[in-house]
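Hi,

Here is the structure I promised to send over. Have a look, and then read on for my notes.

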Amino acid sequence: MGSPGLALDLLRPGPTLVDLLPTAMGLQQPTVMNLQQPTVMDQQPMVTSLQPTVMDLQPMIMNLQLTVGGLLPTVLDQNLSVRCLQPMIMNLQLRVGGLRSYVLILKDSNIMIEDRSYKLSPKAKRAKQSLFSEEKENKAIDYVVPVFTGRQMYVSGITDTEEERIKESAAYIARRNLFATGEGISATRVATSSSTEEQHEKKSRKVAIRESAERLALKKTLEETEEFHRKLNEDKLLHAPEFVIKPRSHTVWEKQNVKLHCTVTGWPEPRLTWYKNNVPINVHTHPGKYFIESRYGMHSLEINKCDFEDTAQYRASAMNVKGELSAYASLVVKRYKGEFDASYFHAGTVTMPLSFGVTPHGYASKFEIHFVDKFEVTFGREGETMSLGCTVIIHPDIKRFHPEIQWYRNGVLITPSKWVQMHWSGERATLTLAHANKEDEGLYTLRVVMGDYYEQYSGYVFVRDADAEMPGAPASPLDVECLDANKDYVIISWKQPAVDGGSPVLGYFIDKCEVGTTHWSQCNETPVKFARFPVTGLIEGRSYIFRVRAVNKAGISIPSRVSEPVAALDPADRARLRSHPSAPWTGQIIVTEEEPAEGVVPGPPSDLHVIEATKNYVVLSWKPPGERGHEGVMYFVEKCTAGTENWQRVNTEIPVKSPRFAVFDLAEGKSYRFRVRCCNSAGIGEPSEATEATVVGDKLDIPKVPGRIIPTRNTDTSVVVTWTESKDAKELVGYYVEASIAGSGHWEPSNNNPVKGTRFICHGLLTGENYIFRVRAVNAAGLSEYSQESEAIEVKAAIGGGLLHAAPSPPYDITVLESVRDSMVLGWKQPKIIGGAEITGYYVNYREVIDGVPGKWNEANIKPVSERAYRIHNLKENMVYQFQVAAANLAGVGTPSPPTRSFKCEEWTIAVPGPPHDLLCTEVRKDSLVLLWKPPVYIGRNPVTGYYVDVKETEATDEHWRSVNEKPIANKFLKVSGLKEGVSYLFRVRATNQAGVGKPSDTTDPVVAETRPGSFTLLFCICINTGSYLSDMLIIREYTQRN
């Protein structure tokens, strides 16, 4: 209680502000120190909200004495808190009875502040235990937050920096482990009775001790989280955006709606922006025009009531911390010139009249894509920088549209990475291999996509091995991959090299390295020959990279290219971290489960089986038990010799966390059985059912030798090699082909990356040399024996005997077969000199002739046509044109024919049919031959009813033309008999219909009636059944066989 002299002191004149300053400072210090506690600081907004209550006491305190009236403003000016006034008001309560009710109100307010302070729980609580103090007299009414000790679903926010995302991933593991022990849950205490100052001080000391313990635990958790963050793999948990579904190009009519869709994946979740001609689309600047929607990785852009200005290239750009990726789509808005029904263009309607001919891009029926300055077959060496490039020309050139450039290797789309960079300058596409490796070898294809059309060009890239560090050492392995990664286990696979250094490869060493460090450690003590190896003992949550080295008796190879980083995580955790959260992080952890029961001993695993067995190890796989409580489980693996029950624990010291395990140190040829037990803090469970007896040995056999190696000439520096595949080959990786100059005994690999299939083109050979070839197959078990050597073949071009000029001569006798308002059909004859190879196609050019002055040549077709007739579109009516035709074979395109005479493009209206074309004389004998032809393109007003064949001697005049057949024949062939041996003849054909006989065809080349030496005649009958009996017509055919 207060001192008796306090009342007298209140009646005395008040001290000045200077006199009260030490007293105020003395009052301020202890109370301010108390306010520095973390629990009170958390309630600072609540204390501030109570200040108006204290201000309400100021008028009554002013009525006491001037001294008190002077003291209170001074204290308030010093910004004292409510606690600073508590000791003084409690002393004034003993003397001033009239203020008791107000002081009680103030005291109750302080109690509310004390009661509303939150305190952390010092340790995890078990069931049926109180969370608070054992002081029974306080009778505290407690609210217990339900505690869930199992694995929690951590809902994280979407951040923009890679560092914050990695911290969230690390915090997930830390919080999961924290919840598994029951720590980190807050509780609330509400007091219902008052306490004395001594009790308050006692509780404050307890709170201080508890808070100190909590700070130490929190500091330890933060240190563990930072350590986890340093070890966590950044590249594997995060990945750049990838378009699962790209937006598609559209052609629509005016006033229609169109909607572009795309689906994007990536972690963190990419942000997608739409661009129109590389300008970001702002929905606010065009209200009602655009509507952008993004939901669950699906994005859409809707354009309402399209007009001609909406014709553009649209780009969807997805970006996150790992990079940016764009996808393009073109929109063409067509304007109909005639009248139309507006009902076809209601919003969202795509139905339109069948008479509306919609071209793919509106501007042209198709785009013509040409490749200029192309990359050829390229050779490189490991470690070098290689660049492939090609100039692309697109016609017509529409500035609104840009092509999509795609690069493929062996048919697989290439994505940019630290090893591969791509660039498009607007005219030239380039691909750069920053550090070439054998994995980069293969057939590279450049594909240029323009709307619905595309063209592509391919070239092979060879990458030779780098020089070995030790003479005679083998080449490095390739294609190192990580398979079946789990918490503490991963399988490493690779491909064997083509070069063994002159002695057989004894095996391979596997090295691992934690991401973020440079320390490599060897995973196996002895070399393994099987091209797969299980690596165990990984630390959960950390990321690793791997490499492989080959070894023979001469030494160890240089290491392979490192694998992609892999995180040692449970597959479910990895999938959960990659999936985007359902809601942003709100700072709250929602607990939905009741307090856990006592620990449960886990049940036995299920589905235990052997997934791989070699002579070095056996890999087991199983499923976790259904009964395991809230805790995570670990496993002990046991083995015994088949036929006994003498079970031995394989991992005696540390249980494994993954449902996979590799058992080593087994005797080759013996049979073993295996079983697995689960364990947790409650104990070790019952064992699973044992596996069947497994014999230790390689289950995968080395493939058998390929057969029938056949080389074929290709060019003056390459040979095509074919073979038959290995019989009964399992898990075949591919084939290695080797070449050697005949008689040298020195073999060189033709490919350093195994090729699939049974055909390969060996490039880089010496012209004129004789080469032999051999092939071997490869799978994970090893390489087969070499095949038998092929026959020697001289390297030279396959056509023209190696001559440089093997292109065909120009076609001739070019004529018009049909003419309409905007197109004409041309026909011509095959070149007289075909260049030693078959004609693969023809190219047609045309040009306008205005007032007798010819214009510039234009290409009528980009792809070669195989027929000797072609329709040229998009011509102008009543315009005069000239034409020329060029033939092509394997050697290239020949010289074009001379320009034809001028033809006028106009509609033919004659009633009789046009001329037949493509006449061919075959089966020539001393007194007969067979004439073949094709029907006319223009048939007149009525269908063709038959044909007349005319013949004359070559030297005779046109008056000597005579018809071979008196009546028209329906067939498009005729055997002409009665010829004179040694005489040269010309032939022509005329078509007829109901209106009359049409114009004759061009004449054939002169044909001499003679039987060529080395030919014979094969006679057979073709019976044509026109009714119920077989004797209507017999056709005698003769075929000539030449030696």
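This is a predicted model: local features need pLDDT of at least 70, side-chain atom pairs count only at pLDDT 80 or more; totals for chains, interfaces and linings use all residues.

The protein has 1043 residues, 42% of them buried, and its secondary structure comes to 64 strands and 13 helices. Of the contacts with a separation of 6 or more, 68% are between residues 24 or more positions apart. The accessible surface is about 56900 Å², and carbon and sulfur atoms account for 52% of that.

Now the salt bridges: there are 31 in the structure. One of them joins Glu404 and Lys246, with the closest N and O atoms 3.1 Å apart. Glu404 sits in strand 16 and Lys246 in the loop between strands 4 and 5, so this pair ties together parts 158 residues apart in sequence. Lys246 is partly exposed, at 36% relative accessible area.

Another pairs Asp310 with Lys276 (3.6 Å, N to O). It links the loop between strands 10 and 11 to strand 7, parts that are 34 residues apart in sequence. Asp310 is buried at 2%, and Lys276 also counts as buried, at 19%.

Then there's Asp511 with Arg547, at 3.1 Å from N to O. Here the pair ties strand 24 to strand 27, 36 residues apart in sequence. Asp511 is buried, with 3% relative accessibility.

Glu867, Arg868, Asp918 and Lys934 form a salt-bridge network.

Finally, the surface has a patch of negative charge made up of Asp822, Glu877, Glu906 and Glu907. Glu906 is in the loop between strands 54 and 55 and is partly exposed, at 33%.

Cheers

Notes. Residues are numbered from 1 along each chain as its sequence is written. Side-chain values use heavy atoms; hydrogens and water are left out. Helices (H or I, at least four residues) and strands (E, at least two) are DSSP runs, numbered from the N terminus. Buried means under 20% relative accessible area, exposed over 50%, partly exposed in between (1.4 Å probe, protein chains only). Contact means heavy atoms within 4.5 Å. Accessible areas come from the Shrake-Rupley method with a 1.4 Å probe; for residues, only the protein chains shown count as cover. Patches are made of residues with over 30% relative accessible area and no salt bridge: like charges are joined within 9 Å, nonpolar side chains (Val, Leu, Ile, Met, Phe, Trp, Tyr) within 5 Å. A salt bridge is a side-chain nitrogen of Lys or Arg within 4 Å of a carboxyl oxygen of Asp or Glu. Lys and Arg count as positive and Asp and Glu as negative; His and the chain ends are not counted. The place of a charge is taken as NZ of Lys, CZ of Arg, CG of Asp or CD of Glu.
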